[in-house]
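Dear colleague,

I am passing on the structure below, together with some notes on its salt bridges. Please read the notes with the structure open beside them.

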Amino acid sequence: MVDMADLSTRRIRIGIDTGGTFTDVVALDEDSGEMVTTKTPSTPSNPADGFMAGIEKVLGLLDLPQGDGSAITAVSHGTTVATNQLLEGKVEALGFITTEGYDAMLEIARQSVPDGYGNSYFWVKPPRIVPRHLVKGVGGRLDFTGAEVRPFDEDGARQVARWFKSAGINTLGVCFLHSYANPDHEERMRAILLEEHPDAVVSISSEVLREYREYERAMTTLVDAAVKPKLSSYVANISQRLQEYGGRKVPFFVMKSNGGVLSADEVVHQPISTVLSGPAAGALGAALIAKVAGFDKVLTSDGGGTSTDVSVVIDGEPTLTTEGSVGVYPSKIPMIDVVTVGAGGGSIAWLSPEGTLKVGPQSAGADPGPICYGKGGTEVTITDAHVYLGRIPPHLLGGEISLDVNAAKAGIEALADRLGMSPEACAAGVLEISAWNQANALRQVTVKRGLDVRDFTLTTFGGSGSLLLCRLVDILGLQAVLVPPNPGNVSAFGLLTVDVKNDYVQTHVALHEKLDVNTIQATYDALSTQARTALEKEGFASEVHRFVRTADVRYFGQAFEVRVPVADGPLDDAALAEVAAAFHAEHRGLYGYDFAHDDTQQVEWVNLRVSGIGPITRPEIRRAESGSGTDALERGRRQVCFEPEDGFVETPVFWRPDLAPGYTVAGPVIIEEFGSTVPIHPGFVARIDDHLNIIVTREANA
């Protein structure tokens, strides 16, 4: 127990990730280095309730007084508020103001057909984020250099502002042609809106995404505006409750999609940056764990109650993209390249009109949840299949939540009757479909990007992330799978490893041989100044600032770019030539060819980017005391079905905290811990490494 006299001197930093089913919490004692993890049920009706319950619970585990948050030094949070709003299509009345004559921009969009033409005879564009009658044009025009062609129509702008006010439309996105080159017209439009419609929430494209391509810039701006009211309200609520709990203003950071965090005060001005908040934190936490364990090429798979998120990590750094989307809405902001598939524990098994078994993407979520939760769920889920087959225990969270095995059994049997198969085959079929769904998502982030999935080690985490790892090894031909300690809390742990990070971009389209070094240098300097100002505002001293420069480059005539690094320091012709060489090499790696030695194919620069980074102190992943490698004591045995044709077999059950480094066990075996379960199938071997990770391989590869 902790001496009560020392409580006032303790400094606790907390990471808290709110998922669809559970809220995961990790607390770090900044002086001793001790880390404590826990989980608590999420509260979808008001996520802030689950958030505060998690903080109260983890402080109790640290022997700190209940109801007293005075020891908290900072809280970093991964939230799904913006993501869920977009995935569920819950976009309230939204207005769009654009350049006169470009009112049809959202209809024209892009001819980008998902999954190719082969899956359908025709394709209908998704519903517009803004209906046509809520789009208004304003006169005035800039050219691509930012020079004014026609002056801004202030009278027309006031009429538009008054129209939206009279219509009761209080959320607005503004995107004028070529405003990436000159924001003056957009800033004047915002000023007029403030005068004429002061209750309006406004996003302008020159602040949200300062790069060319009008449709993507408009959509990104509108998504930012759409999520701003709800996210701002949520963040303000959390900040207020933290202040009341801690007796002062507690530093509160929110995870961004780009792999950084930002203070709550600032993130409300760029809410779109949070759309992949939770998955980004998980990828970063898994990246650090795998790197410390000695793996440099890693796939991450974060299995939750609603979905599974997968990404690629090379040399400890997750890959980034600006070609992402959330649901049907493209969002051209820097984000960790995550593919999400509806294959979480709550994903529902259902029959198509043809009588074919399907799984997901519909989910029972946390409420009512799977049948076995006993909260009114009536549809079979992935969790129900695991419970029926004995692969997870009849409880969750170390016994805190009991599961109704008989109810799950009845649901599986009813579904099996409809399919005309045995209950064991039905449950195994549900899990097999889920495994293939996850495998296909992993192929999307590897094979479709020119990477060989067999070269990677898979890191599984999340409450349900490790349940199907043995099947994934066989389906994908993986060499090994790493399961971190407390895998259900890796996303929350990742929040404690994340630096403050802001991204800045400026479009500068020019052929490589016509680049002016001074202009490029001046643009990068201006972007770095913006980043420096933001870091100073966040409280980082200038000597710790770090800036990362990149450029989006393509071959002339191509529609999409490849991002490559730009060296630090003063630029010269040699530095620019290095960028072109890096582009050729990256293009060859992605597409299998390049034009490095073809003088007829010109290289074109498109966007210049700077990321400003304020580093934080990361928790240390310590080596555990060496074990003897001898057998651990079984905690019990239960009947588990791994293959339907083999039926149920008596299987040893181990408690993971009992397993010391060096311990090795061959399947079939079940390894349980507080927040997750790892079934080891026959023919597989599990080994505990020096950092208490479980390394799972095929027996022949062990």
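Glu214 and Arg217 form a salt bridge in which the closest N and O atoms are 2.0 Å apart, the term meaning a side-chain nitrogen of Lys or Arg within 4 Å of a carboxyl oxygen of Asp or Glu. Both residues lie in helix H7 (residues 214-246), three residues apart, which is about one turn of the helix; helices (H or I, at least four residues) and strands (E, at least two) are DSSP runs, numbered from the N terminus. Glu214 counts as buried at 15% relative accessibility, and Arg217 counts as buried at 0%, where buried means under 20% relative accessible area, exposed over 50%, and partly exposed in between (1.4 Å probe, protein chains only).

This is a predicted model, in which local features need pLDDT of at least 70 and side-chain atom pairs count only at pLDDT 80 or more, while totals for chains, interfaces and linings use all residues. Residues are numbered from 1 along each chain as its sequence is written, and side-chain values use heavy atoms, with hydrogens and water left out.

By the rule above, the count comes to 39 salt bridges. One of them joins the side chains of Arg13 and Glu30 at 3.3 Å, N to O. Arg13 lies in strand S1 (residues 12-18) and Glu30 in the loop between strand S2 (22-29) and strand S3 (35-41), so the pair ties together parts that are 17 residues apart in sequence. Arg13 is buried, at a relative accessible area of 11%, whereas Glu30 is partly exposed, at 29%.

With kind regards
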